[in-house]
Amino acid sequence: MAETAEIIHFPQSRARRIEALNARYRHRGAMQVLRDALSDPDLGRVALVSSFGAESVVLLHMISVIDRTTPVLFIDTQMLFPETLAYQAEVAATLGLTDLRIIRAAPDAITAHDPDGTLHQTAPDTCCNLRKTVPLERALDGFDAWITGRKRFQGGARQALEFFEGEESTPRIKVNPLAHWTQEDVRDYIVNNRLPRHPLLAKGYKSIGCAPCTSPVAEGEDARAGRWRGQDKDECGIHFIGGKLVRGAATMLDEPAAAFTPRGDAPVIVTDQGFAADDWSGRVVDLAPDSDIRELAADLPQNALIRVAFPGFADGRGFTIARRLRLAGYTGRLRAAGHVIADQYAMARRSGFDEVEISADLARRQPWEQWQERSHWQGGYLPRLGWQG
């Protein structure tokens, strides 16, 4: 009989850093959080991402006081209100920001996916992905953390916001200095510092994004009620909460999957959405491909992640153990780890694996495009055997 499964723990480096940061900064004010975050070794190189929207001037002013050389990334979706573009130029000049970077989608990507500028009408998530998420991911390459203006009072998935949180699919950390501010705090700061207001505020716009997807807000409505009004969507797609994207599923474009590049010797996780960094922080069970899962039966529901080892020239037993785990009732995350190649990805997914863990070296030799070409795994036979994944 094979040896019993060994309980191990994955590295918790980022999760522990975030927990420590939130504990250390818990009683600090927004200005101090921002000032210290810019030089905190646990964060590394930091940029501010700003929409130059209704309340953006608060953080922009703080940055100009603390260090106006801080990189400021502004995403021009090319569908913004003319007033926003004029306001962006005015604020940048008034505050003396010296490293403002205008971020736009690649022209060939716009031509390929939204040549007539109507994608927002039929697939708003995909439009946001094309014009915001992908350009921002490219612009943030090389940064270890980025600053947002998100606040708890904005509601929805932001109600439990902390000063620091992890970004899905990358090793980066997001910094939310204004997380605990109220609407009155924002208003008072702008008034007391005599900061210029976005001209659309006077017309009833309380949260300002792209012109086709933003409308005025009536008295008593939530500040973000005018964003994607009438649609099941409340975020543009650049923010994740608790490891989950806080918007509906987007039709993924080809570009974002390739955005993550292996760093050093850290393992790379392969999912249907592309390469990602490993940031698992919970309990994991490591299994050899010939393990006897009967020894795990009683504990299956308690295991959030089971990782099955794939040695070189795997003989197929890893796929078999995945099927057996699923049919035995395991519904947690299941990972194939080790010598899995792109040609085996479809089989791994059909067998019940959610993801694959490979070495950084293998990820460099077999980039995401090769995995993507072999990723058509839907239609597997597990449902026909009675497993409902």
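This is a predicted model: local features need pLDDT of at least 70, side-chain atom pairs count only at pLDDT 80 or more; totals for chains, interfaces and linings use all residues.
**Exercise 1. List the residues that M62 touches, leaving out those up to four places away in sequence.**

Solution. 
- M62 touches A30, M31 and L34, among others.
- Complete the list: L178, W181 and Y189 are also touched by M62.
- Now place M62 in its core. The largest nonpolar core has 48 residues, and M62 is among those with the most contacts inside it, along with L43 and F164.
- Helix 3, residues 57-67, contributes six residues.
- Look for a second core. A separate one has 30 residues, including F260, V285, L334 and A348.
- In soluble globular proteins, nonpolar side chains tend to be buried together.

**Exercise 2. Find the buried residues of helix 8 (residues 183-192) and decide how they are arranged around its axis.**

Solution. 
- Pick out the buried residues of helix 8: V186, Y189 and I190.
- View helix 8 down its axis. The buried residues fall within an arc of 95°, so they line one face.
- Check the face turned away from the buried side. V191 and N192 sit there, and both are exposed.
- Identify the packing partners. The buried residues of helix 8 pack against helix 2 and helix 3.
- Step past the end of the helix. R194 follows helix 8 and has a positive phi, near 50°.

**Exercise 3. Are R335 and D40 buried or exposed, and what do their side chains reach?**

Solution. 
- Locate R335 first. Strand 14, residues 333-338, holds R335.
- Apply the cut-off: buried means under 20% relative accessible area. R335 has a relative accessible area of 0%, so R335 is buried.
- Find the partner. The R335 side chain makes a polar contact with the side chain of E355, at 2.8 Å.
- Turn to D40. D40 lies in the loop between helix 2 (30-37) and strand 2 (46-50).
- Follow the D40 side chain. The backbone nitrogen of D42 is reached at 2.8 Å.
- Not counting residues up to four places away in sequence, D40 touches L21, R24 and Y25.

Notes: Residues are numbered from 1 along each chain as its sequence is written. Side-chain values use heavy atoms; hydrogens and water are left out. Helices (H or I, at least four residues) and strands (E, at least two) are DSSP runs, numbered from the N terminus. Buried means under 20% relative accessible area, exposed over 50%, partly exposed in between (1.4 Å probe, protein chains only). A polar contact is a pair of N or O atoms within 3.5 Å; within protein, one must be able to donate a hydrogen and the other to accept it, and residues adjacent in sequence count only if both atoms are side-chain atoms. Contact means heavy atoms within 4.5 Å. A nonpolar core is a set of buried Ala, Val, Leu, Ile, Met, Phe, Trp, Tyr and Cys residues joined through side-chain atoms within 4.5 Å. The arc is that of the directions from the helix axis to the C-beta atoms.
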